[in-house]
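Hi,

Here is the structure I promised to pass on. Have a look at it first, and then read on for what turned up.

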Amino acid sequence: MSHTFVLAGPAAETSRLIGFWVLAIVSVGAALGMVLARKAVHCAVLLAIVMLSLAVLYLMLGAPFLALVQIIVYTGAVLMLFLFVLMIVGISAADSIIETIRGQRLWATLGGIAMLVLLSLVVGNAVIGPAAPNSAKFSNGNVTSLANLIFTRYLYPFEITSALLITAAVGAMVLAHRERIRPKPTQRDLAAQRVASGRPAPLPGPGTYAQHNAVDMPALLPDGSQSELSVSPVLSGRTGGASAPPALPSGTGTSVVPGTSGGTASPADQEAGDH
Amino acid sequence: MVTPGHFIALSVILFVIGAVGVLVRRNAIVVFMCVELMLNAANLAFVTFSRMHGALDGQVIAFFVMVVAAAEVVVGLAILTAIFRSRRSASVDDANLMKY
C-alpha cells in the first residue's frame, strides 16, 4: 500500500477546508504580529510560525519536497541565522518609535491598503481555474518529477545557482572578516593590563549571597549592598533601561535589607533580616 | 472546497503585510524578515499556480527563489554585522553616510 499526501473523498475535502482556514488565520495573525511586535526576537519567532504554516500549505498543494525544503532551509537555516545575528547585534535592540519621516506610518499603511486593493482587483479579474486533476507528480512521484525537470530543462539555472551560492559564501566571509590593526596581545600583555587596571581579580559572580543564584541576580557585597558588576550588561539591557527590574535596582551601593530585594520574600527571610 | 483562489488570496495578504512591514519598521533585521515574508508569499503563489496548471515548473521556480533568498540573507546579514561593528546600531536611519 502506498501512502499519498493528497487525500480524496468528501470527508478529506472538509478536513482540507478546515485545515486551510486554520493555517490561513494562524499565518496572517503571525505575520501581523511580526510587523507589530517591538522586539526583534519576537518577530523571528512569529516568522517561524508563518513559515511552518506555509510548509503545511505546500503539503496541501501537492508539493511535499518544497514543504520539507521550507522547513529545513527556511525555518532551520535562515531563521537560525537571523537569531545568531540578533545575538551578535544585541538582543536589546528594540525598535525606536520615533518617526524620522513625518507621517511615514500613516502613508505606509495607506500604501499597503492601496496595494491590497490593487492586487485584489488583479486577482479578482484573473481567471483562476480549479486545481488540475491529481496525478503522481503531486503526491508520491513529486521528488522524481522535480529532479527530472531540474536536471534537464532547468539545468543551466541550477548550475548558475551554485555559482551564486559560492559567491554569497565568499562575500559573507569577506564582509565578516575583521582586519587586525594592532598586534594580538599576548598573555603577558593581558596580565600587565589587568594589574594596571586596578582590578586584578575577575568580576564577581552573579547570585553570590543573594536570595537566588540566577544569572540576573546581583551578588551581595559584605556590607549588604548589591554589586552591579556581577550581572552581565546584556541582561540589564534586555529588561529595558527605563524600568529597572525588581531583581536589579538602579544605583550601586544602596543598602538592601535581605528579604526586600526580591519580589518573593518569605517571612523566614524577614525574620532572618531582623536578627 | 478549497480552490486555488483561496491560496492566491492568502499569498496576496501575506505579501501586503510584508511590504507594509518593510516600509514601517526601522530595525534592519526586522526589515529583512519582512522581505523574507514577501518572498514566501510569492513562493506560495508559484506553488499554487503549479497545482492549478498541473505542471511542476512553478515548484521548480519556488525552489530557485528559496536558494536565492538563502544567498540574499547570508550577504545581507553579513553587511548588517559589518555596519553594526562600525556604527553600533542596527537601525536603517543611522546608515546615512551617503545620503547628501
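Predicted model: local features only at pLDDT ≥ 70, side-chain atom pairs only at ≥ 80, totals over all residues.

Let me start with helix H7 of chain A, residues 187–196: none of its ten residues is buried, so H7(A) lies largely in the open.

Now for the place where the two chains meet. Chain A puts 72 residues into the contact, and chain B puts in 62. On the chain B side, helices H1 (4–24), H2 (28–53) and H3 (57–87) each supply at least two of the residues that touch chain A. H3(B) gives the most, with 21 residues. By type, that side of chain B divides into 44 nonpolar, twelve polar and six charged residues.

One helix pair across the contact is worth a look on your screen. The axes of H1(A), residues 10–36, and H1(B) come within 9 Å and cross at roughly 5°. Angles under 35 degrees count as roughly parallel, so that is what H1(A) is to H1(B). If you want to find the spot, the residues from H1(A) include A:Phe20, A:Ala24, A:Leu32 and A:Val35, while those from H1(B) include B:His6, B:Leu10, B:Ile17 and B:Val24. A:Ser27 and B:Gly21 are also among the residues making this contact. Sorted by type, the residues where H1(A) meets H1(B) come to 13 nonpolar and three polar, with no charged ones.

Cheers

How values were computed. Residues numbered from 1 in each chain as written. Chains lettered and ligands numbered in written order. Contact = placed C-beta atoms within 7 Å. Helix = DSSP H or I, 4+ residues; strand = E, 2+ residues; numbered from the N terminus. Nonpolar A, V, L, I, M, F, W, Y, C, P; charged D, E, K, R; others polar. Axes fitted to C-alpha atoms, helices over the stretch in contact; angles between N-to-C directions. Parallel < 35°, antiparallel > 145°, perpendicular 65-115°, else oblique. Buried ≥ 20, exposed ≤ 12 C-beta atoms within 10 Å, placed from the backbone.
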